[in-house]
Amino acid sequence: MSRHIESFAEKPANPAGVSGTLVHETIRLFHGKGGHGLADRAAAARLAGDLLDSLIPFHGETGKEVAAKVRAIVGQYALSELGAGNPWMIEAEVNVKFEAPEGAYFFRGFADRVDRKDGEIGFIDFKTRHYSP
């Protein structure tokens, strides 16, 4: 009696998932390379585009299909106030308890970006663009 393991069938890449991965990874690399510190914001946008170009080949045809859309997103980010600001954390797991007069609030999950300034913390979600000071 022989036993065989069935091969794992690869699912086709989801364009929305690939887009999200490329946006997040490009932004992470952008800040890691100091893109937020560039005084020339056009140079910052070019850096974001170059970083994206380095990632697209890892996502095959789907990466090529979504490249223009992602390029617009990361280019806009690099030119924005967020792109020019130095984040405290990118892609951070958050588990925080806040005390308020009404009682305790818990914030758990993953934040795309966390900023800290003047004793305040802000959580930012890139997909929804919601900002919580």
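I looked up the packing of helix α1 (residues 15-32) against helix α3 (residues 60-79) and found an angle of about 40°, with the axes 9 Å apart. Axes are lines fitted to C-alpha atoms, for helices over the stretch in contact, and angles run from 0 to 180 degrees between N-to-C directions. Because angles under 35 degrees count as roughly parallel, over 145 as roughly antiparallel, 65 to 115 as roughly perpendicular and the rest as oblique, α1 is oblique to α3.

I noted that this is a predicted model, in which local features need pLDDT of at least 70, side-chain atom pairs count only at pLDDT 80 or more, and totals for chains, interfaces and linings use all residues. Residues are numbered from 1 along each chain as its sequence is written, and side-chain values use heavy atoms, with hydrogens and water left out.

I then listed the contact (heavy atoms within 4.5 Å). On the α1 side, the residues include Leu22, Ile27 and Phe30, and on the α3 side they include Val66, Ile73 and Tyr77.

I turned to the strands, which are DSSP runs of E of at least two residues, while helices are runs of H or I of at least four, numbered from the N terminus. Strands pair if DSSP finds at least two bridges between them. Strand β1 (residues 89-100) runs antiparallel to strand β2 (residues 103-117), with 11 bridges; Phe98 has Tyr105 in β2 as its bridge partner. The two form a hairpin with 2 residues between them.

I recorded 5 bridges between β2 and the antiparallel strand β3 (residues 120-125), where Val114 is partnered by Phe123 in β3. In that hairpin, Asp118 takes a positive phi near 50°.
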